Amino acid sequence: MMWTHFIQAGLMSFGMGMSLGVCTVTGIRNGANNSPFHTYLTLTSAHIVDITMFVLYYFGASYIFDIKWVQILLYLAGIFMLGKIAYTNISTAKKAMEIRGGNKQSLFKTTIDGIIAASIPSSLIFWVATVGSALVGTTHHLPTFLLACTGIIAGFQVSNLIWT
């Protein structure tokens with residue numbers, strides 16, 4: 001019974017990871033400008049947000065997204081991130097960018113890009129709606145919850161490797 005949660009969560013997160021979203025676009029852009037490792041690092045660094053959300057979900061803090069000032073902060077972060085992506089895409093579109101030849105960036109900046117991309121409101125709401133639903137019924141038993149969380153991370157990792 002516990003392994004069904006792992007498989008269900010893994011397949012669900014694999015499907016989510018294969019969809020083209022802000023994290024994926026940011027990762028592909030970082031990989032095109034630097035190396036495939038930057039794509040993988042951007043997508044994997046988004047798991048920092050995932051793990052934070054697991055902890056919040058387990059301790060019942062999902063109500064925090066109903067607080068008005070938290071919503072405002074999330075929307076401001078989303079506006080910043082989408083603006084940053086738009087600016088970067090417009091500025092690099094003006095130049096002839098060779099694959100693996102654009103603006104080089106550090107691994108730290110690549111990691112921060114992944115964390116910010118995973119933290120925008122649409123990503124968080126999508127996370128709560130999909131990943132949260134995969135975790136329903138697992139919080140009463142810690143090993144089951146941890147196995148489901150491991151399945152989620154495993155599914156995302158497989159999709160990260162495919163995108164890389």
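Predicted model: local features only at pLDDT ≥ 70, side-chain atom pairs only at ≥ 80, totals over all residues.
## Basis of the values

Local features require pLDDT of at least 70 and side-chain atom pairs pLDDT 80 or more, whereas totals for chains, interfaces and linings use all residues. Residues are numbered from 1 along each chain, and side-chain values use heavy atoms, without hydrogens and water.

## Nonpolar core

A nonpolar core is a set of buried Ala, Val, Leu, Ile, Met, Phe, Trp, Tyr and Cys residues joined through side-chain atoms within 4.5 Å; buried means under 20% relative accessible area, exposed over 50%, and partly exposed in between (1.4 Å probe, protein chains only). The largest core has 22 residues, of which C23, F54, W127, V131, L135 and I152 touch the most other members. Helices α1, α2, α4, α6, α7 and α8 each supply at least two residues of this core; helices are DSSP runs of H or I with at least four residues, numbered from the N terminus.

V131 touches M12, M16, F54, F126 and I152, leaving aside residues up to four places away in sequence; such contact means heavy atoms within 4.5 Å.

## Aromatic pairs

Three aromatic pairs occur in the whole structure. Rings of Phe, Tyr and Trp (its six-membered ring) pair if their centres lie within 6.5 Å; planes under 30 degrees apart count as stacked, over 60 as edge-to-face and the rest as tilted. W3 and F6 are edge-to-face, because their centres are 5.5 Å apart and their planes at 75°. Both residues lie in helix α1, three residues apart.

Y58 and F145 have centres 4.8 Å apart and planes at 45°, so this pair is tilted. Y58 in helix α4 and F145 in helix α8 are 87 residues apart. F145 is buried, at 3% relative accessible area, while Y58 is partly exposed, at 27%.
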